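The following paragraphs lead through a structure, from single side chains to the relation between its chains. Please keep the sequence and the model in view while reading.

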Protein chains: 2
Amino acid sequence: MPYRAAVDEFSFMFDHLLDAPALRKTEKFAEATSDVTNAILSEAGKLCDEVLAPLQRAGDLHPARLENGVVRTSPGFDEGWKAIAEGGWIGMSADPEYGGMGLPMILTSAVNEMMSGACLSLQLAPLMGQGQIEALEHHASDEIKALYLPKLISGEWTGTMNLTEPQAGSDVGALKTKAEANGDGTYNISGQKIYITWGDHDLAENVCHLVLARLPDAPEGTKGISLFIVPKFVPNEDGSVGPRNGVTTVSLEHKMGIHGSPTAVLQYENARGWLIGPEQGGMAAMFTMMNNARLGVGGQGIGVAEAAFQHAMAYALERKQGKSIHGFTIAAHADVRRMLMTMKADVFAARAIALSCAMAIDMEEATGDAGWAARAAFFTPIAKAFGTEVGIRVADIGIQVHGGMGFVEETGAAQFLRDVRVTAIYEGTNGIQAMDLVARKMMDGGEMASRILDEIEEGAEAARADLPEMAEAVWQASETLRETTDWLISRDDLTDRFAGAVPYLNSFARVLGAHFHLQAAMADQGGPREKLARFYVNRLLPEHAALLETVRIGQDDLYAMDLDELSA
Amino acid sequence: MPYRAAVDEFSFMFDHLLDAPALRKTEKFAEATSDVTNAILSEAGKLCDEVLAPLQRAGDLHPARLENGVVRTSPGFDEGWKAIAEGGWIGMSADPEYGGMGLPMILTSAVNEMMSGACLSLQLAPLMGQGQIEALEHHASDEIKALYLPKLISGEWTGTMNLTEPQAGSDVGALKTKAEANGDGTYNISGQKIYITWGDHDLAENVCHLVLARLPDAPEGTKGISLFIVPKFVPNEDGSVGPRNGVTTVSLEHKMGIHGSPTAVLQYENARGWLIGPEQGGMAAMFTMMNNARLGVGGQGIGVAEAAFQHAMAYALERKQGKSIHGFTIAAHADVRRMLMTMKADVFAARAIALSCAMAIDMEEATGDAGWAARAAFFTPIAKAFGTEVGIRVADIGIQVHGGMGFVEETGAAQFLRDVRVTAIYEGTNGIQAMDLVARKMMDGGEMASRILDEIEEGAEAARADLPEMAEAVWQASETLRETTDWLISRDDLTDRFAGAVPYLNSFARVLGAHFHLQAAMADQGGPREKLARFYVNRLLPEHAALLETVRIGQDDLYAMDLDELSA
């Protein structure tokens with residue numbers, strides 16, 4: 001059951017759901033023609049199917065390990081990394097001035113998703129690199145850019161993000177790592193960082209850490225945080241690596257999944273670092289990096305979901321069990337069919353949402369329009385949380401389709417769930433995403449939400465003549481979502497919004513998914529896309545109403561029991 | 001964060017939800033007074049908290065292994081098994097004539113659930129034994145009973161169930177294992193069986209297999225199946241173990257979880273077996289065993305959910321992160337509170353359903369009333385599927401509450417999910433349970449469903465004066481369920497029922513859960529149970545409407561896409 005990257009699906013979405021032609025009319029992305037796009041997708045697909053997918057199992061069975069202070073990666077990962085780096089896939093969207101390809105984010109998102117489905121553990125390495133490249137492009141000095149960007153883009157060096165400390169997870173402002181100026185433009189960094197993805201390894205000659213730290217006398221909380229780049233080896237001016245810096249790998253975590261991805265505890269002892277952006281300006285720079293990483297993590301969920309679907313589908317077509325008037329394999333059974341269609345329909349919905357987010361980022365980049373920026377900001381938490389929820393749910397269904405074979409590790413069905421489970425946690429838990437959506441992303445008084453709902457309803461109106469029932473269902477769902485959005489906006493006490501934040505985000509995603517399914521059905525009337533859309537609207541959309549009902553309750557019932565009663 | 005078995009919760013449910021006093025009025029269970037019951041629960045709680053819970057992690061880290069044909073169990077499991085056996089916990093409900101305690105199933109279910117939360121891998125051993133004891137009590141000859149039951153009840157020997165073969169899983173009728181009469185009352189059994197839980201081990205001196213096999217010229221399918229007992233060592237008449245029988249352990253599975261439970265592939269080569277029940281009567285005997293095992297597996301889900309809740313609750317009370325007007329630990333945050341209350345409210349609902357099923361079994365046993373038998377049969381698939389769904393969902397939420405620590409194996413949060421995942425698969429997948437509910441359990445034209453809904457509505461009417469809103473919500477939900485039940489019954493084509501079987505079962509459980517929460521709220525007005533019930537009715541009950549909407553669709557949209565389109 002080999003993995004096959006969903007190349008054609010991306011092409012369809014670019015042309016029929018995203019209005020890629022509008023993107024190609026911008027000066028910045030004029031060269032991303034349909035031919036170019038398709039050639040790139042197809043080339044990436046080959047890399048995923050032939051080079052990366054075969055590494056996934058090895059990463060699980062032979063985890064990265066720490067030996068005498070050196071991290072050794074899983075068998076074959078060095079060849080996989082080389083193929084990713086040499087193909088130019090790390091710097092797809094990076095600035096051509098430093099060796100990047102300058103391609104739109106919709107393409108990078110598509111390729112990242114494909115790679116995640118092939119081998120999630122390894123794909124985390126280029127994803128972290130892309131985040132660092134983007135942060136440096138936006139916030140670093142020209143010297144730092146000239147020194148680091150070509151190396152990160154070529155894959156000679158890799159990048160990491162260092163936010164979390166034992167006492168500072170979701171609450172980044174509680175971090176204690178210290179930075180002190182040396183007087184020569186460099187800083188000394190000391191402290192401990194945990195959960196550092198690809199924090200150390202043997203795939204590249206240098207590992208560059210973006211580290212959040214606090215200068216002496218900095219204010220408390222997030223306002224007092226500055227960002228530094230701290231390389232494992234201090235680079236010489238010519239780009240060769242110099243002496244070892246004061247950062248050591250204390251340990252690697254023993255995790256439920258993504259065993260091939262080394263998750264490190266790093267200790268900094270007077271490590272030399274260089275400031276990125278202004279002093280106390282670390283959070284703004286970090287948010288640049290995190291927003292795109294969040295979209296990337298959403299894509300990880302979708303990629304694993306795609307792989308888990310293909311895997312379960314192949315098993316269901318092959319496994320004979322019982323008889324039904326519809327056939328002799330388990331795929332003929334109604335409940336198995338329901339599971340398989342749920343997987344496929346949800347992958348479609350999550351993918352369309354993630355690519356729409358990427359499209360908004362591209363249009364912002366190409367036009368500088370603040371409306372596109374606000375749209376990207378609104379879509380980001382939805383793409384992250386829903387993409388990863390779909391990843392987990394679809395991987396879980398995949399196990400169920402396999403029956404007893406799903407619980408036995410040899411089939412690989414369980415690995416998908418074990419690997420993807422973390423995506424709902426890292427880069428901001430899905431709860432944090434939902435709080436971001438109902439608070440920060442609604443500081444505009446609900447304007448962006450309303451604009452998106454207008455589009456959904458315009459789409460439904462336009463579909464009414466051809467697909468009246470489906471169009472009506474989508475329109476109605478959008479109206480219910482609008483009423484609940486108005487209710488949320490009316491709550492000044494943010495805790496009332498937070499009490500329903502997760503179900504609200506999931507409902508928004510459900511309704512967006514229905515919108516995109518309807519658009520796909522319009523483009524393929526009577527064809528498989530219309531049939532899949534009908535399934536989605538029939539069976540997956542209805543939960544939005546139940547979820548939204550719970551959003552409008554507010555906080556009171558959550559605090560009625562005190563903690564002693566709850567834990568009794 | 002030590003595990004504490006939910007002793008008081010069972011006492012509350014016995015007295016306030018289940019009408020245990022009615023059970024005590026029967027001759028059979030007259031001795032199970034409130035004092036006796038509480039003493040037993042408290043004794044079992046001590047065993048779970050002090051002896052079994054400390055074994056759970058060792059089972060995960062040091063899986064059972066096959067060495068030179070011998071299965072070695074995890075460290076400490078021998079002491080745990082001894083404590084279970086010597087406490088008499090295996091034969092709690094077994095016939096006192098053979099050493100059992102003759103206690104009602106509500107108590108056995110409670111204790112099994114407690115043990116599952118403490119150490120699921122080990123608890124599977126007594127659960128398998130109980131199934132075998134029950135099958136032998138109902139179907140074996142007096143000689144077999146006299147020889148085997150005392151040994152199984154004392155824990156000197158253990159029991160297994162052998163149904164599955166590589167080509168025969170959910171479709172048991174496809175099995176090929178052969179049985180040939182030897183002419184002396186014994187049979188020769190040959191074939192391969194897979195997924196045999198505790199199929200071999202070093203905890204007891206004998207392992208007794210109940211094996212489904214086919215006699216020469218037996219009809220195809222389930223009608224041609226006979227049941228045999230095949231011991232690892234052939235017993236002498238005095239009960240000592242004699243020569244090794246022709247069954248060997250080929251391998252153990254490498255599984256996602258329950259590493260401490262050896263899951264064996266067993267090869268039978270002319271192994272001596274004894275017929276249980278009549279020739280070709282194997283399925284009926286097996287169903288006796290399976291029904292109670294199904295209830296037991298539901299309890300496993302609930303037990304793990306209880307443990308995962310306690311674990312997450314303790315973490316949430318301890319972990320400081322950010323600040324909120326409600327406090328400084330993460331338990332103060334609205335979304336974490338929502339997760340914790342979901343866990344607690346769902347554990348309550350699933351437990352009440354499982355115990356109601358056990359109560360029906362007891363009343364059937366005590367009164368011989370066919371109505372109780374039908375009620376137990378109706379509740380069994382719901383208790384199994386919902387209990388295990390809750391187990392998986394709650395364990396998954398538990399990981400999320402832990403944030404990054406949830407994905408790191410050291411905390412144990414991930415193990416709950418990895419362990420409990422199998423419960424939705426074995427003893428009949430949850431899809432099979434749902435098909436059983438909408439087909440076999442509705443061959444009465446929906447009479448039992450209707451009777452249960454009548455009770456729910458009577459309960460709601462009685463609560464209307466005190467808790468009007470909650471009562472109305474429960475009454476309305478029951479009516480929606482009734483309409484959908486009528487729709488299901490009206491479909492002659494079973495595939496239309498199967499298309500919505502899983503959401504129907506889950507809705508039934510949701511509504512039953514609301515009913516029991518309402519009863520608990522009535523018994524504790526203004527207290528924590530009313531507050532928890534309000535949360536459940538507010539936030540968990542509403543999904544029933546969305547689920548039931550999908551049930552009434554039927555099969556058509558599932559088969560609109562052909563398999564080529566679905567797998568494209």
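A residue is called buried under 20% relative accessible area, exposed over 50% and partly exposed in between (1.4 Å probe, protein chains only). By this rule A:Phe77 is buried, because its relative accessibility is 0%; A:Trp198, at 2%, is buried as well.

The model is predicted: local features need pLDDT of at least 70, side-chain atom pairs count only at pLDDT 80 or more, and totals for chains, interfaces and linings use all residues. Residues are numbered from 1 along each chain as its sequence is written, chains are lettered from A and ligands numbered from 1 in the order in which they are written, and side-chain values use heavy atoms, without hydrogens and water.

The rings of A:Phe77 and A:Trp198 are stacked, because their centres lie 6.4 Å apart and their planes meet at 25°. This pair links distant parts of the chain, 121 residues apart: A:Phe77 belongs to helix H5 (residues 77-86) of chain A, and A:Trp198 to the loop between strands E5 (186-197) and E6 (206-214) of chain A. Helices (H or I, at least four residues) and strands (E, at least two) are DSSP runs, numbered from the N terminus.

How are the two chains related? A rotation of 180° with 0.0 Å of shift along its axis superposes chain B on chain A (RMSD 0.0 Å), by least squares on the C-alpha atoms of residues with pLDDT of at least 70 in both. The two copies are therefore related as by a two-fold rotation axis.

How values were computed: Rings of Phe, Tyr and Trp (its six-membered ring) pair if their centres lie within 6.5 Å; planes under 30 degrees apart count as stacked, over 60 as edge-to-face and the rest as tilted.
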